[in-house]
Amino acid sequence: AGTGYVLRELLVQRLGMTKKAYWVIFWLQLFFFLQYMPYIRGGMFWYTGMAHYVMPMCFSLLMTAWMLKWERTGKRRYLIFMLLDGAYLGGSHYQHIILVLLILLSGWLWSFLMERNHQRRMSLLWIPIIEILIGLYFCIISPGNLTRGGEGFGLHPSAILLMPFSCMIQGLQHMREYFAHVPLLMAYVVLVFFLGVRLVRWDRFGVLRRIPVGIILLYLFLLYASVEAP
């Protein structure tokens with residue numbers, strides 16, 4: 001649900017793809033998600049998988065879609081949805097908290113630097129950001145974290161300084177492992193690229209057309225790698 005919702009906003013509403021192409025991409029991605037899940041126990045079993053990993057990921061994707069819809073339409077319901085979502089995500093899983101905070105911060109920075117027309121509206125993103133940070137604080141100080149983390153739990157200067165490099169290394173390693181585990185994934189990448197070249201309406205890119213593709217890919221990789229930080 002989360003994947004389909006955010007893909008629809010990106011592909012159909014933002015990039016002008018046909019709904020037929022959107023459904024092809026969505027169902028193929030769902031097939032890979034289910035057929036080639038790295039850890040079955042993390043995606044199929046209820047508490048350890050669904051409630052702790054899959055549900056927060058779903059609501060992270062919903063938050064992304066609502067942020068994009070809030071920027072595009074300015075309808076208040078999307079801001080309300082983000083506030084409700086933030087109350088849940090702030091107490092969920094560290095990886096999803098980091099992912100959502102970076103996405104919301106990126107949305108605000110984009111409006112601040114590029115889309116001046118929506119700057120005032122997007123400045124309200126700081127409300128769910130602060131909300132999530134408050135939830136994160138309570139997550140960190142909860143006794144259960146110290147019990148699970150042991151003596152090594154806490155903030156260590158050396159680990160923080162090395163974190164960007166270790167995140168990138170781990171991200172590249174996991175990408176290599178997953179592509180080796182799922183050779184068909186490359187065929188999916190080629191198909192999505194082909195559909196993008198043929199069906200995306202490039203006139204809808206606006207300011208985004210001024211940014212090199214390599215910079216966009218680097219941003220997406222770093223966003224992915226950031227979830228290794230916890």
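**View 1. Arg-14 and Glu-9 form a salt bridge, with their closest N and O atoms 3.2 Å apart.** The model is predicted. Glu-9 is buried at a relative accessible area of 1%. Arg-14 is partly exposed, at 23%.

**View 2. Glu-9 also pairs with Lys-69 in a salt bridge, 3.0 Å from N to O.** This pair links distant parts of the chain: Glu-9 sits in helix α1 (residues 2-14) and Lys-69 in helix α4, 60 residues apart. Lys-69 counts as buried, with 11% relative accessibility.

**View 3. Arg-72 forms a salt bridge with Glu-9; the closest N and O atoms are 2.9 Å apart.** Arg-72 belongs to helix α4 and Glu-9 to helix α1, so the bridge ties together parts 63 residues apart in sequence. Arg-72 is partly exposed, at 34% relative accessible area. A network of salt bridges links Glu-9, Arg-14, Lys-69, Glu-71 and Arg-72. The structure holds four salt bridges.

**View 4. The largest nonpolar core has 24 residues.** Met-63, Met-67, Trp-70, Met-82, Leu-104, Leu-125 and Ile-132 touch the most other members. Helices α4 (46-73), α5 (76-89), α6 (94-113) and α8 (126-141) each supply at least two residues of this core. The largest share, seven residues, comes from α6.

**View 5. Trp-70 and its contacts beyond four places in sequence.** The partners are Lys-75, Arg-76, Tyr-78, Leu-79, Met-82, Arg-121, Met-122, Leu-124 and Leu-125. A second, separate core of 15 residues includes Leu-7, Ala-21, Phe-26 and Val-200.

**View 6. Ile-130 lies in helix α8.** Ile-130 is partly exposed, with 46% relative accessible area. Leu-101 is 29 residues away in sequence and 9.3 Å away in space, C-alpha to C-alpha.

Notes: Residues numbered from 1 in each chain as written. Predicted model: local features only at pLDDT ≥ 70, side-chain atom pairs only at ≥ 80, totals over all residues. Heavy atoms only, no water. Core = buried A, V, L, I, M, F, W, Y, C linked by side-chain atoms within 4.5 Å. Buried < 20%, exposed > 50% of the residue type's maximum accessible area, 1.4 Å probe, protein only. Helix = DSSP H or I, 4+ residues; strand = E, 2+ residues; numbered from the N terminus. Contact = heavy atoms within 4.5 Å. Salt bridge = Lys/Arg side-chain N within 4 Å of Asp/Glu carboxyl O.
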